[in-house]
Amino acid sequence: MNFEKLNKKAIACMYTATAISCILISILCWTVFFLVKNGTIPLTGAGRRIAMIICMIVFVAELLETCISPYFRYQRYRYSLTDEEVQIKEGYIFLQHTIVPISRLHKINIQAGPLDRLYGLAQVEITTAGGDITIKFLEKEKAKQIADKLKTRINHIVEQENRNGK
């Protein structure tokens with residue numbers, strides 16, 4: 001089985017998305033921190049110190065997450081397409097390996113959010129009877145090729161089933 005890696009644009013998109021999340025959570029943490037420090041949120045003594053320490057810990061954890069997780073997610077993300085199945089390996093702390101038979105596919109959709117478009121990326125969303133899977137961070141042209149390949153293979157399977165009387 002030959003798994004494909006993502007393009008280098010993917011890691012830049014991952015870092016950007018994680019940084020945006022970090023900024024939003026940091027704003028929330030620092031807002032709570034200063035509201036507690038200034039007495040706007042009425043906490044006293046140990047409660048006040050604990051709230052401020054929690055805000056600092058969340059802020060530091062979020063910074064570490066922003067620096068570390070995109071690298072590992074990028075290194076571990078792989079996908080593979082054969083005539084029989086689609087496989088995706090992904091994860092940061094918990095690794096997930098998804099295998100979906102092509103004969104179970106119902107719908108194929110190409111999506112691109114704002115950050116995807118900024119980096120010239122797209123994702124192929126595949127709907128099955130059991131749920132959805134997504135091949136993320138693909139170059140637009142590669143996403144179109146994968147969608148076309150899957151559609152062609154699905155049509156071939158349907159034609160075979162119709163010929164066999166299923």
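The sulfur of Cys-13 sits 16 Å from the closest cysteine sulfur, the one in Cys-22, which is too far for a bond. That's a handy way into this structure, which is a predicted model where local features need pLDDT of at least 70, side-chain atom pairs count only at pLDDT 80 or more, and totals for chains, interfaces and linings use all residues. Residues are numbered from 1 along each chain as its sequence is written, and side-chain values use heavy atoms, with hydrogens and water left out.

**Cysteines**

- A disulfide is a covalent bond between the sulfur atoms of two cysteines.
- Here a disulfide is called when a pair of cysteine sulfur atoms lies within 2.5 Å, and by this rule the count comes to zero.
- Is Cys-13 buried or exposed? With 2% relative accessibility, Cys-13 counts as buried, where buried means under 20% relative accessible area, exposed means over 50%, and partly exposed is in between (1.4 Å probe, protein chains only).
- Cys-67, on the other hand, has 53% relative accessibility and counts as exposed.

**The helix pair α1 and α2**

- Helices (H or I, at least four residues) and strands (E, at least two) are DSSP runs, numbered from the N terminus.
- Helix α1 covers residues 8–37 and helix α2 covers residues 45–76; their axes come within 9 Å and cross at roughly 180°.
- Those axes are lines fitted to C-alpha atoms, for helices over the stretch in contact, and angles run from 0 to 180 degrees between N-to-C directions.
- α1 and α2 are therefore roughly antiparallel to each other (angles under 35 degrees count as roughly parallel, over 145 as roughly antiparallel, 65 to 115 as roughly perpendicular and the rest as oblique).
- Sorted by class, the contact of α1 with α2 has 23 nonpolar, five polar and six charged residues (Ala, Val, Leu, Ile, Met, Phe, Trp, Tyr, Cys and Pro count as nonpolar, Asp, Glu, Lys and Arg as charged, and the others, Gly among them, as polar).

**The sheet β1-β2-β3**

- Three strands make an open sheet in the order β1-β2-β3, with antiparallel pairing; two strands pair if DSSP finds at least two bridges between them.
- β1 (78–81) and β3 (95–101) are at the edges with a single partner strand each, so one side of each has no neighbour in the sheet.
- The twist from one strand to the next averages 5°.
- Strand β2 (residues 85–91) is joined to β3 by seven bridges, and Gly-91 stands opposite Leu-95 in β3.
- α2 lies across β1, β2 and β3, at about 155° to β2, while helix α4 (residues 140–163) lies across β1 and β2, at about 35° to β1.

**A look at Val-86**

- Val-86 is in strand β2 and is buried, with a relative accessible area of 0%.
- Leaving out residues up to four places away in sequence, Val-86 touches residues including Ser-80, Ile-99, Ile-135 and Leu-150; contact means heavy atoms within 4.5 Å.

**The sheet β4-β5-β6**

- Another open sheet of three strands runs in the order β4-β5-β6, and its pairing is antiparallel.
- Which strands stand at the edges? They're β4 (105–111) and β6 (131–139), each with a single partner strand, so one side of each is left without a neighbour in the sheet.
- Seven bridges tie strand β5 (residues 121–128) to β6, where Val-124 stands opposite Ile-135.
- α1 lies across β5 and β6, at about 110° to β6.
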